[in-house]
Amino acid sequence: MTTVLTNLLSGSGEPARSIAEQLFERIQAGAYETGARLPAERLLAEEFGVTRSAVRDALDLLVRGKVVARRAGAGNFIVYRQDAMPAAEPIAANDQGSVAEQTSLLELQVVRGIVEPEIVRLAVIHMKPRDIERLRRILARMEPVETDAEEFARAEEDFLLQIAHGTGNPLLIAIYEQIAAVRREPHWIAHKRKALSPRRIRTTKSRHRSMFEAIERRDLETAVEYVKLQLVDEQRALMAEE
């Protein structure tokens with residue numbers, strides 16, 4: 001087991017830790033090969049007799065441990081290789097906790113303000129029709145959500161990750177997956193529960209819908225403008241909480 005994953009599991013509660021450990025044991029045993037897609041969250045939840053939320057938490061641990069990669073609209077894929085050279089431990093693995101745990105909400109927004117407009121710009125240029133169709137399906141999943149902050153946040157994460165994947169740039173994708181991991185930290189989740197009122201959910205859906213329409217018609221300036229508007233709005237909300 002990788003040092004990073006060991007540290008993550010040691011600080012995690014049941015049942016996510018147990019599920020992550022069992023899935024990792026299967027991967028090490030060769031039940032899933034590198035590059036293979038894991039069963040859907042619904043199927044894993046039925047198999048382990050837990051909620052889909054518990055399965056998602058377990059998969060989050062494997063993503064952060066560099067065992068699994070999540071591809072928006074496609075599923076969870078094995079990236080762990082037993083025969084790979086041991087990689088240098090990232091800054092996240094130290095005695096002070098992970099980068100995600102050390103990053104404040106405002107620090108996260110600063111990084112998002114740098115990265116997200118460029119990701120949207122490149123997505124407008126490079127997104128293939130099938131990627132845009134996946135983005136449309138995620139947006140459709142988001143549309144009926146009116147009051148459930150956590151469900152909306154999950155759909156929004158998938159929406160933004162799909163845009164990142166649409167850039168076709170592996171480094172940008174990896175950077176945005178790290179940003180998504182930070183947004184799953186408990187202090188960020190608590191903020192989302194508080195901040196995502198029904199009114200804000202409606203406003204955010206409207207912006208994402210407009211951003212999607214701009215991406216679909218390859219309107220670079222408008223798409224970037226909508227992501228900037230959303231980031232400014234979120235930054236103001238955070239400043240109001242300080």
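Figure 1. Leaving aside neighbours within four places in sequence, Gln-162 is in contact (heavy atoms within 4.5 Å) with Ala-72, Gly-73, Met-127, Asp-131, Arg-134, Leu-135 and Ile-138. The model is predicted, so local features need pLDDT of at least 70 and side-chain atom pairs count only at pLDDT 80 or more, while totals for chains, interfaces and linings use all residues. Residues are numbered from 1 along each chain as its sequence is written, and side-chain values use heavy atoms, with hydrogens and water left out. Gln-162 belongs to helix 8, residues 149–166. Helices (H or I, at least four residues) and strands (E, at least two) are DSSP runs, numbered from the N terminus. Gln-162 has a relative accessible area of 2% and is therefore buried. Buried means under 20% relative accessible area, exposed means over 50%, and partly exposed lies in between (1.4 Å probe, protein chains only).

**Figure 2. The chain as a whole.** The chain has 12 helices and 2 strands. Read from the N terminus, the order of elements is α-α-α-α-β-β-α-α-α-α-α-α-α-α. Of its 242 residues, 45% count as buried. Among contacts between residues at least 6 apart in sequence, 71% join residues at least 24 apart. The accessible surface of the chain is about 12,500 Å², and carbon and sulfur atoms account for 52% of this surface. Accessible areas come from the Shrake-Rupley method with a 1.4 Å probe; for residues, only the protein chains shown count as cover.

**Figure 3. Arg-56 and its charged neighbours.** Arg-56 lies in helix 4, residues 52–64. Its relative accessible area is 12%, so Arg-56 counts as buried. Which residues does Arg-56 touch, not counting residues up to four places away in sequence? They are Glu-41, Arg-70, Arg-154, Glu-157 and Asp-158. The side chains of Arg-56 and Glu-41 are joined by a polar contact of 3.3 Å. A polar contact is a pair of N or O atoms within 3.5 Å; within protein, one must be able to donate a hydrogen and the other to accept it, and residues adjacent in sequence count only if both atoms are side-chain atoms.

**Figure 4. Helix 3 against helix 4.** Two packed helices are described by the angle between their axes and the distance between the axes. The axes of helix 3 (residues 41–48) and helix 4 come within 8 Å and cross at roughly 105°. Axes are lines fitted to C-alpha atoms, for helices over the stretch in contact, and angles run from 0 to 180 degrees between N-to-C directions. Helix 3 and helix 4 are therefore roughly perpendicular to each other. Angles under 35 degrees count as roughly parallel, over 145 as roughly antiparallel, 65 to 115 as roughly perpendicular and the rest as oblique. Helix 3 contributes Glu-41, Arg-42, Leu-44 and Ala-45 to the contact, and helix 4 contributes Arg-52, Val-55, Arg-56 and Leu-59. The residues of this contact are 4 nonpolar, no polar and 4 charged. Ala, Val, Leu, Ile, Met, Phe, Trp, Tyr, Cys and Pro count as nonpolar, Asp, Glu, Lys and Arg as charged, and the others, Gly among them, as polar.

Figure 5. Helix 6 (residues 105–126) and helix 10 (residues 186–195) have axes that come within 10 Å and cross at roughly 85°. Helix 6 is therefore roughly perpendicular to helix 10. Leu-105, Leu-108, Gln-109 and Arg-112 of helix 6 meet His-187, Trp-188 and His-191 of helix 10. The residues of the contact of helix 6 with helix 10 comprise 3 nonpolar, 3 polar and 1 charged. Trp-188, in helix 10, counts as buried because its relative accessibility is 2%. Not counting residues up to four places away in sequence, Trp-188 touches Leu-105, Leu-108, Gln-109, Arg-112, Val-182, Arg-183 and Leu-238. Trp-188 and Leu-105 are 83 residues apart along the chain, and their C-alpha atoms are separated by 6.7 Å.

**Figure 6. Val-227 in helix 12.** Val-227 is part of helix 12, residues 220–241. Is Val-227 buried or exposed? With a relative accessible area of 2%, Val-227 is buried. Val-227 touches Glu-116, Pro-117, Val-120 and Met-211, not counting residues up to four places away in sequence.

**Figure 7. Two loop residues with positive phi.** Lys-66 is in the loop between helix 4 and strand 1 (68–71). Phi of Lys-66 is near 60°, a positive value in a residue other than glycine. Lys-66 is exposed, with a relative accessible area of 55%. Arg-218 is in the loop between helix 11 (198–216) and helix 12. Arg-218 is not a glycine, yet its phi is positive, at about 65°. Its relative accessibility is 37%, so Arg-218 counts as partly exposed.
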